[in-house]
Amino acid sequence: MTTIGRRERRKVQTRQALADAALELFLENGYDKVTVAQIAEAADVSLATLFKHVPDGKEALIFDDGTERREAMVAAVRGRPAGVSILRALHTFLAGRGTFAIDMPADVQRKRDLVVSTPALAGYQRKLWLRGEASLAETIAAESGREPGAPEVRALARYVLEIPDLISLDADPRASLDAVFRLLETGWAGVTGDQPASR
């Protein structure tokens, strides 16, 4: 087990204090009405410290850097049980996260609702998802015996990573998630019966 030093612990604590302060202020006042100065004051840090920890601006304050989700998604594909397809593993992974999760704690739901209903936060979250594209494409290629640069591999990785942004505001995001994966698993003809016309 690795232990982190005092300086690293302080960085983590400061980052968490900023995230907590930002989330509370966003929930109370709305994202657009909150300034970075107010967040710094609420977290009892200087503006310089805030920007040192979060150079991307206030939309980045309530997110991590995306590393955890990227690694978890890759692990879901690589560690899937025998007989489980890559798409089924990705479907299961997404179904347990964010807007698609069922029975989440109330505080998590409040944060999720804030993110999906705030364009700046939803846009930043989309960027975080897309940062995982190269890793996911590489994993899909390795697990399916294809070249990482193959267009179908790159397309599948991109499509999967766009799903949260595409359907997070649907009336029933979980049902929409299932519908999108049915399309990905069976193809358009398998879902609609739309076959090419004979010539």
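Reply:

**Interior packing and the enclosed cavity**

Leaving aside residues up to four places away in sequence, L177 is in contact with H91, L94, A95, F100, I163 and I167. The model is a predicted one. L177 is among the residues with the most contacts inside the largest nonpolar core, together with L90, L94, L136, I140, I163 and F181; this core has 26 residues. At least two core residues come from each of α4 (67-78), α5 (86-95), α7, α8 (133-144), α9 and α10 (173-192). The largest share, seven residues, is supplied by α9. There is also a second, separate core of 22 residues, with L25, L61, F63 and L128 among them. In soluble globular proteins, nonpolar side chains tend to be buried together.

The volume of the largest cavity is about 60 Å³. Its lining consists of V115, V116, A122, Q125, R126, W129, P164, D165 and S168. Two or more lining residues are given by each of α6 (106-117), α7 (119-130) and α9 (151-167), and α7 gives the most, with four.

The buried residues in α6 are R112, L114, V115 and V116, and α1 (6-29) and α7 are included in what covers them. With twelve residues at 1.5 Å each, α6 should span 16 Å, and this agrees with its end C-alpha atoms, which are 16 Å apart.

How values were computed:
Residues numbered from 1 in each chain as written. Predicted model: local features only at pLDDT ≥ 70, side-chain atom pairs only at ≥ 80, totals over all residues. Heavy atoms only, no water. 1 Å grid on protein atoms, 1.4 Å probe; cavity = no way out; pocket = protein on both sides within 12 Å on 5 of 7 lines; lining within 4 Å. Points joined across faces, edges and corners; volume = space filled by probe spheres on them. Expected span 1.5 Å × (residues − 1). Buried < 20%, exposed > 50% of the residue type's maximum accessible area, 1.4 Å probe, protein only. Contact = heavy atoms within 4.5 Å. Core = buried A, V, L, I, M, F, W, Y, C linked by side-chain atoms within 4.5 Å.
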